[in-house]
Amino acid sequence: MEALNLLESFVHSADTGSFSAAARRLGLTPAAVSKNVARLENHLGLRLFQRSTRKLTLTMGGEQFYRQVSDPFFTLRDAFASAAQDDGKPAGVLKVSMGVAFGREYLVPLLEEFLDRYPAIVPDWHFDNRTVDLIAGGFDVAIGGGIELTEGLIVRELARSHVVATASPSFMKGRAMPRHPSDLAAFDGIARRSVSSGRLRVWNLRNQVGEQALAEPRTRMIFDDPEAMAYAAMQGLGVALLPMPHAAPWLERGDLVRLLPGWSADIGPLALYYPNRKLLPSKTRVFVEFIVDAFQSKGLARRFNAR
């Protein structure tokens, strides 16, 4: 077990590039992690890291050792966790990343049923609209769209998601409904700024026969959060081009109306992402299967498909 503890400090330090970050993940002090790595280096007779005041960098020998031990280490760790489950039932803390509004609207309502089935699992849910690094952040699962599928990750698609044009009934009162995306140029709009690039998002909408056209209302205001855009649109402040996960609840309640119902932009899959492990912890496996089933059985996948 001592060797496994030393490997744990090394692998997490290599993943995060920092003794401090590894310590936060492991619940140790940075000094304890550094000491564990130093003991491992002494045991191997090999320097694993180049240390500086700013960051850790793997040596060539450290990189080779990391490639050799990282997968076996996680397999062993998962095997220990699986063997330690109460009565063979899925158990343990489940660290999941999800968007703020998406998690609150669609995942929190599923939590009671999930906990009834798996009472020994403790959800540790992180609500954040930024894309996370699953491996470096120590997450079991991330749910969202636009996450880069890097080596070591598995993706399970939940639904296709689309952007649609919306406005409030009060905003459209007395105005002619647009018939073509180009007609939106006559309307005030709530534009969205990309958090990653800083640029304004522009959408090319497509209809069912494959025609494409630019949808670009007059920029009246600029937000970087689609939930905030939805609330501004409901106040009658302009047209908002919204992803269906953010638009669907308000369209169903009548607080927003869909403009150009035959037009939408496909923004790719909404998906579950989780690390590729030879022995996937049962807590992760049952959560993934539960969410995949819920999206089909409860009709969530259909709600996000604008076509």
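Modeller: Let's start with terms: helices (H or I, at least four residues) and strands (E, at least two) are DSSP runs, numbered from the N terminus. This is a predicted model, where local features need pLDDT of at least 70, side-chain atom pairs count only at pLDDT 80 or more, and totals for chains, interfaces and linings use all residues. Residues are numbered from 1 along each chain as its sequence is written, and side-chain values use heavy atoms, with hydrogens and water left out.

Biologist: Okay, where does S194 lie?

Modeller: In the loop between strand 7 (188–192) and strand 8 (203–206).

Biologist: And is S194 buried or exposed?

Modeller: Buried means under 20% relative accessible area, exposed over 50%, and partly exposed in between (1.4 Å probe, protein chains only). S194 has a relative accessible area of 11%, so it counts as buried.

Biologist: What does S194 touch?

Modeller: Contact means heavy atoms within 4.5 Å. Leaving out residues up to four places away in sequence, S194 touches R199 and R201. A polar atom of the S194 side chain also sits 3.2 Å from the backbone nitrogen of S197.

Biologist: How do I read cavities?

Modeller: Rolling a probe the size of a water molecule over the atoms shows where empty space is left. On a 1 Å grid over the protein atoms alone, a cavity is a set of points where a 1.4 Å probe fits but cannot get out, and lining residues have an atom within 4 Å of a point. Points are joined across faces, edges and corners, and a volume is the space filled by probe spheres set on them.

Biologist: How many cavities of 30 Å³ or more are there?

Modeller: Two. The largest has a volume of about 50 Å³, and its lining includes R206, R258, W263 and R307.

Key: 1 Å grid on protein atoms, 1.4 Å probe; cavity = no way out; pocket = protein on both sides within 12 Å on 5 of 7 lines; lining within 4 Å. Polar contact = N/O pair within 3.5 Å; in protein donor to acceptor, adjacent residues only side chain to side chain.
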